[in-house]
Amino acid sequence: MPHARTETSVGTYESHSTSELEDLTEPEQRELKTKLTKLEAEIVTLRHVLAAKERRCGELKRKLGLTALVGLRQNLSKSWLDVQVSNTYVKQKTSAALSTMGTLICRKLGGVKKSATFRSFEGNPK
């Protein structure tokens with residue numbers, strides 16, 4: 001089956017069978033091509049507008065002293081804060097604290113058990 005190539009709005013081509021194109025009447029094809037041309041023009045315009053706004057945003061940030069490094073630092077600080085308040089981080093910190101406390105209690109009880117006072121309660125001082 002023969003294939004025709006049509007350009008998409010981003011400048012790439014898609015392959016269609018010519019039977020799909022033959023299903024469209026000549027006026028329908030013209031209308032679709034007109035719509036495509038208008039959409040492509042709008043896309044170009046929007047890209048220009050976006051580029052201008054990004055430049056303006058950069059100018060305002062420079063005037064305010066907000067450099068990329070400051071923004072990066074703020075993003076990292078916020079990310080670290082998010083990590084610190086996350087449930088997983090809090091659970092890990094709690095688990096570590098309880099583990100440390102348990103170790104200290106075991107050591108303390110071991111020391112008490114070895115003391116003369118404790119041995120006297122047991123009834124067999126060594």
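What percentage of the 126 residues of the protein chain count as buried? I looked this up before anything else, noting that the model is a predicted one. The share of buried residues is 6%. For the accessible surface of the protein chain, I recorded about 11000 Å². Carbon and sulfur atoms account for 61% of that surface.

I then turned to the secondary structure. The protein chain holds two strands and five helices. I read their order along the sequence as β-β-α-α-α-α-α.

Next I checked contacts between residues at least 6 apart in sequence, and found that 16% of them join residues at least 24 apart.

I took up helix α2, which covers residues 26-63 and has 38 residues. From its first C-alpha to its last, α2 reaches 56 Å, close to the 56 Å expected at 1.5 Å a residue. Just after α2, I noted G65, whose phi is positive at about 80°.

My last entry concerns the packing of two helices. I found helix α3 (residues 68-85) and helix α4 (residues 87-114) packed at an angle of about 60°, their axes 4 Å apart. At this angle α3 is therefore oblique to α4. On the α3 side, I listed W80, V83, Q84 and V85 as making the contact. On the α4 side, the contact is made by N87, Y89 and V90. Sorted by class, I counted five nonpolar and two polar residues in the contact of α3 with α4, and no charged residues.

Conventions: Residues are numbered from 1 along each chain as its sequence is written. This is a predicted model: local features need pLDDT of at least 70, side-chain atom pairs count only at pLDDT 80 or more; totals for chains, interfaces and linings use all residues. Side-chain values use heavy atoms; hydrogens and water are left out. Buried means under 20% relative accessible area, exposed over 50%, partly exposed in between (1.4 Å probe, protein chains only). Contact means heavy atoms within 4.5 Å. Accessible areas come from the Shrake-Rupley method with a 1.4 Å probe; for residues, only the protein chains shown count as cover. Axes are lines fitted to C-alpha atoms, for helices over the stretch in contact, and angles run from 0 to 180 degrees between N-to-C directions. Angles under 35 degrees count as roughly parallel, over 145 as roughly antiparallel, 65 to 115 as roughly perpendicular and the rest as oblique. Ala, Val, Leu, Ile, Met, Phe, Trp, Tyr, Cys and Pro count as nonpolar, Asp, Glu, Lys and Arg as charged, and the others, Gly among them, as polar. The expected span of a helix is 1.5 Å times one less than its number of residues.
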